[in-house]
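Subject: Structure for your review

Dear colleague,

Please find below the structure I am handing over to you. My notes on what was found in it follow directly after it.

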Amino acid sequence: DVPKATEPRRDSDGPRRGSLCDRHCAAINNVQGDLGDLGCHLHRPRVPPAMSPPSCCQQHSEEVCESCVVKTTLTAENAVEANKLSNNYKFGFKKWKSHVTARPWEDRSEIVKELYSDLNVIRGSGGSTVTCGNVLYLLLFGWWLSLLYVLVAAMMFITVVGAPYGRLCWDLAGYFLWPFGKVIQKVEVPKSRQVLGACEASAGESSALLGGPVPRRWRPRCWADAGYWQRAGTVAWLCLGYPALALAHGLVCVTAWLLIILIPVAKLSARTAARVLLLPPERVLVRRLRMTEVPLEGEVILCCYRAINPYYYKYAVDGINVFAVNLLPLVLVTLVLGYVDSHNRLTSSPVKFTLALLSIMPLSYYIGMAIASISAQSNFAVGAVVNATFGSITELTFYITALIKGSREGNRCYAEIVKSALTGTLVGCVLFVPGLCMVIGGIRHQEQRFNSRSAGVSSALLFLSVGGVFAPTLFSKVYGKLVCGECHNVTQNPLGHYLCHNCHFDLMENNGTLYYSHVQPLVYTVSLLLPAAYLIGLFFTLKTHSHIYDIHISDCHMPGHHHSAVVHWSRWRALVILLLSTLCMSACADLATEHISPILTNSTISQYFIGVTVLAMVPELPEIVNGIQFALQNNLSLSIEIGNCIAVQVCMLQIPILVLFTIFYPTNFTLVFSDLHVYASMFSVVLMNYIFMDGKCDYFQGTVLVMVYFILLAVYFFAPSPSGC
């Protein structure tokens, strides 16, 4: 990261001007001033937490540079990414980490380049090919693929006219038994058949899976010129041999692609079915590659050395991570099973509920990617509206569908599940998300620093929001009437002690006078004040006190590496994907609430525990992954802000929206929580504020937060189910 350029301080900066830390930072910037020749320039929009540790604080004492912690530079690769950073990394908005533009090829690491390279590069001495991954290929695919080729070879020899293809299959049987260190080449043809080669070269196309040029396979006129399609052996091959082998390679390709680390095997099978098996047999040469041997002249079609590459979790297709690509069919399966098999003839309700819940994860990723793409290509106003509108769509969709179902069935248990999910999201984002990021980041970095002032703003808003959310609950406990389901005299004395069960505070006494005259107006007042406080916090951090973050974005490229940004998704495409993902999210949420009833009624686990764990944290898994990635990059400020922003949005946006929804569609949802929710939330916010006071942390403090979170989960696990469930 390039240090921030120095600029004259205004008088409004107050005591910060001319401080010792500023002079140290200015001195460092002057020493490294020649970096300005690299074409770096600064974008003045400021954004919250730092993406990288400040250089000056690494070279000076803590006493001198304590206030310099927040002075860092956020590097963007191009103007589009800089606009995304400026619009998305603001206080109160979720931190979408999606990369919306294609990175220049020369700027990528060698590991990433290898992921996208074709399997047609002959390398030097790479060591032995006998590895655990290659042996796993042999056990999973190699032996039966080789056997299938032997059977097809025998069948082609029986046809007599297909004998050339039989010899090709025999050679490929040995290749696919152990393809590592071997090469498949397309040999040169006589000049009389150059028309065929020219046709293949002119019909090239590319594919994310196949990689490299792929000939168009069905060009009758072109092949007819060379007499290829008229040969009887070719007809026999296309009717008897090729379909079985293409089906087998398709199965291998899909299986290896879903396993992700075996994507090289998927590329190998896809390219074989698309190219090798459609070439004339005399043009295909299979040979073992020896280190001292010069390769024959001709195009290398396949050359593979390793079956497994553990770095394929970074692989992306059109900007979409491979995990999200592989989970997309799960969404289709969930929707088909949920709405076609409505009577549970194929699968049970728990299976459908699990599938619907898992489908939320890839849909959350697509929603985040679409939001980031729209924000990157729009101004701040549009990005803020889209982020605030769709940022919480995942959780709100599930909550609203659950409340509607509970209202139709007259079941109060759904409202209690929603309250448990809200509390679980708040507690998880305050304790588990930052704690886990501290632990994982602390393993790589001995001590991590973050912007304590920005974290303090989030903590103050959390205190305010928690107090506002639980104010009606405290009011009801002070003025409500305690009503118990059943009481037993344990002393056999009428004046003795009574043991009561299923007690709660009744707000409907005297025809609901207390609730409708006092509690409900308080709920509406709080629901108006919390969003207002949220807007004031945004104005405070983005306008009047933006120096708390003091972050600038810089575009920096090496000389000769100036690239125009290639956006993965255009604004219209991102908008369409955003709307489709939101629609699918609504359908999955409807299926989850439809099939959660058997789990709630037949499960021995407390409904509290189901709400605070499964329903609360599963939709936040993409955010947890983002936080971990930021922590590994020593950007703990963003990891902390991820959890804080979600918690703030739960209290200041999601709960007021649910209250507003109950005005137009009456449900059983009231802003009165159980004692367990109140104590857990308040204790979590107090502990988080204590941990974040000094602006630095290590893995031990993260372990404390995670352990406290698991203790609270244990409390919810052993707690009795809420009344009405």
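In this predicted model, helix H5 meets helix H9 through Phe141, Trp144, Leu145, Leu148, Tyr149, Val152, Met155 and Met156. On the H9 side, the residues that take part are Gly233, Ala236, Trp237, Leu240, Gly241, Ala244, Leu245, Ala248, His249, Leu251, Val252 and Thr255. Sorted by class, the residues of this contact comprise 16 nonpolar and 4 polar ones, with no charged residue. H5 covers residues 132–158 and H9 covers residues 232–259; their axes come within 11 Å and cross at roughly 175°. Angles over 145 degrees count as roughly antiparallel, and H5 is therefore described as roughly antiparallel to H9.

From H15, the residues involved are Cys413, Ile417, Ser420, Ala421, Gly424, Thr425, Gly428, Phe432 and Val433. They meet Gln607, Tyr608, Gly611, Val612, Leu615, Ala616 and Met617 in H21.

Turning to the strands, an open sheet is built from 3 strands in the order S6-S3-S7, with antiparallel pairing. Strand S6 (284–288) and strand S7 (299–304) are the edge strands, each with a single partner, so one side of each has no neighbour in the sheet. On average, and with direction ignored, neighbouring strands of this sheet are turned by 20° against each other. Strand S3 (residues 182–186) is joined to S7 by 5 bridges, and the two run antiparallel. Within this pairing, Lys186 has Glu299 in S7 as its bridge partner. Helix H6 (residues 163–177) lies across S3, S6 and S7, and runs at about 150° to S3.

Is Lys405 buried or exposed? Its relative accessible area is 11%, which is under the 20% limit, so Lys405 counts as buried. Apart from neighbours within four places in sequence, Lys405 is in contact with Tyr414, Thr593, Glu594 and Ser597. Arg408 is likewise found in H14, but Arg408 counts as exposed because its relative accessibility is 69%, above the 50% limit. The C-alpha atom of Arg408 is separated by 8.6 Å from that of Thr667, although these residues are 259 apart along the chain.

For the protein chain as a whole, there are 25 helices and 16 strands. Of its 725 residues, 51% count as buried. Among contacts between residues at least 6 apart in sequence, 80% join residues at least 24 apart.

With kind regards

Key
Residues numbered from 1 in each chain as written. Predicted model: local features only at pLDDT ≥ 70, side-chain atom pairs only at ≥ 80, totals over all residues. Heavy atoms only, no water. Buried < 20%, exposed > 50% of the residue type's maximum accessible area, 1.4 Å probe, protein only. Contact = heavy atoms within 4.5 Å. Helix = DSSP H or I, 4+ residues; strand = E, 2+ residues; numbered from the N terminus. Pairing = 2+ DSSP bridges. Axes fitted to C-alpha atoms, helices over the stretch in contact; angles between N-to-C directions. Parallel < 35°, antiparallel > 145°, perpendicular 65-115°, else oblique. Nonpolar A, V, L, I, M, F, W, Y, C, P; charged D, E, K, R; others polar.
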